[in-house]
Amino acid sequence: MSRLWSNLVHTLSPYVPGEQPKNSDLIKLNTNENPYPPSKKVYEAISLANNHKLALYPDPDASALKEAIADYYTVETSQVFVGNGSDEVLAHAFLALLKQQSPLLFPDISYGFYPVYCGLYQINYQTIPLDKQFKINPNDYNITNGAIIFPNPNAPTGRLLALDAIESILKNNTNSVVLVDEAYIDFGGETAISLVDKYPNLLVVQTFSKSRSLAGLRIGFAIGNASLITALEIVKNSFNSYPLDRIAIVAGVAAIKDEQYFEQTCTEIIKSREHLTSFLTKNDFTVIPSHTNFILTKHNSIDANFIVKKLREAKIIVRYFNKPRIDKYLRITIGTKQQNKLLCDCITAIIPKSCK
Ligand SMILES: *Cc1c(COP(=O)(O)O)cnc(C)c1O
């Protein structure tokens, strides 16, 4: 606290990301990064861009990346916005589109950054409880104005809402922006991008951080009606002209073009997720059905903090949220096949025989 700070800063409680340990011998199953490396095409593109042009500013519109994304999803480039990670895209959307007279709605259990942006931009919000199985009920989201945001699949629950349920939310709220945060959609969900032409109130946000193994480069994007994208561009150009650097732009293009590698790694992760889910279920854990690269799970009798501590002793780190309704659960990122096996062995060792 300092008398030199602005009044706003005194009111903020910033987002706290999962630990990024300095010690690299830990198995990181705590921040939903992809355990597989980026595509080889990404490395090639980066080495080609490693030249004197780094002395020059990048393309402020990142047009090459927008075109590659537009191509991949068969939309117009005017329907694509790109930013420095989807967190930045979301931040701009909060200011440009979600700040309205009526409160913004989002689920009581969802991405921890949403209330933080509301604090930063002084947006009123109201949380809507998920049901007992941690599901979103589309009928809870009927409003006349204001706006709606939720992750799909939801985080940190992992639960997927089917596309027809998303469509019913869009139909019931044609005067409100509905932002669907699809950070994990590539791990078995169906994207709502197919609905953007039909629903001008829909904005879909995605990231290269999870399914495309590029968390370290910070690339996120939004797809929606061109008029929503214009609002995002106005805010972006009032904040930072060059959110994506030259390396990120070429790497993003290479990543989205390597469909084969993308599909192969997503398939591996889905397989490991199903394997881990059945292992945990057999070992007396409750697992929320996940369509993401993580699972939210609790043991039916052993304390979550005890398991977190024991896993850490075995050099595996997972995420724990000390938040209402999920404070008995751990969130485990899906690792490689080998990491998955280590995790299962470790859990077998932790659980006393009587619990098996
Ligand atoms: C990881 C995540 C993001 C942020 O991703 P970045 O592109 O790395 O900023 C956004 N929303 C949800 C729900 C996430 O889990």
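Which residues does R159 touch, not counting residues up to four places away in sequence? They are Q133, F134, K135, N152, P153, N154, I288 and P289, where contact means heavy atoms within 4.5 Å.

Before we go on, a word about the model. It is predicted, so local features need pLDDT of at least 70 and side-chain atom pairs count only at pLDDT 80 or more, while totals for chains, interfaces and linings use all residues. Residues are numbered from 1 along each chain as its sequence is written, and side-chain values use heavy atoms, with hydrogens and water left out.

**A buried arginine**

R159 sits in the loop that joins β5 (147-151) to α6 (163-172). Helices (H or I, at least four residues) and strands (E, at least two) are DSSP runs, numbered from the N terminus. R159 is buried but has no salt bridge. Buried means under 20% relative accessible area, exposed over 50%, and partly exposed in between (1.4 Å probe, protein chains only). A salt bridge is a side-chain nitrogen of Lys or Arg within 4 Å of a carboxyl oxygen of Asp or Glu. For R159, the nearest side chain of opposite charge is D131, 5.9 Å away; Lys and Arg count as positive and Asp and Glu as negative, while His and the chain ends are not counted.

**Salt bridges in helices**

Side chains of opposite charge can pair when their charged atoms come close.

| Pair | N to O distance | Helix |
|---|---|---|
| E268 and K271 | 3.6 Å | α9 (residues 259-282) |
| K310 and E313 | 3.5 Å | α10 (residues 304-313) |
| D345 and K341 | 3.0 Å | α11 (residues 337-350) |

K310 and E313 are separated by about one helical turn because they are three residues apart in α10. K310 is partly exposed at 29% relative accessibility, whereas E313 is exposed at 52%. D345 and K341 are four residues apart, again about one turn of their helix. E268 and K271 also belong to a network of salt bridges with K337.

**Around the ligand**

The residues surrounding the ligand include G85, D87, Y111, D181 and R218, each with a heavy atom within 4 Å of it. A ligand oxygen lies 2.5 Å from an N or O atom in the side chain of T207. Taken alone, the ligand exposes 390 Å², and the protein buries 92% of that; these areas come from the Shrake-Rupley method with a 1.4 Å probe.

Technical notes:
A polar contact is a pair of N or O atoms within 3.5 Å; within protein, one must be able to donate a hydrogen and the other to accept it, and residues adjacent in sequence count only if both atoms are side-chain atoms.
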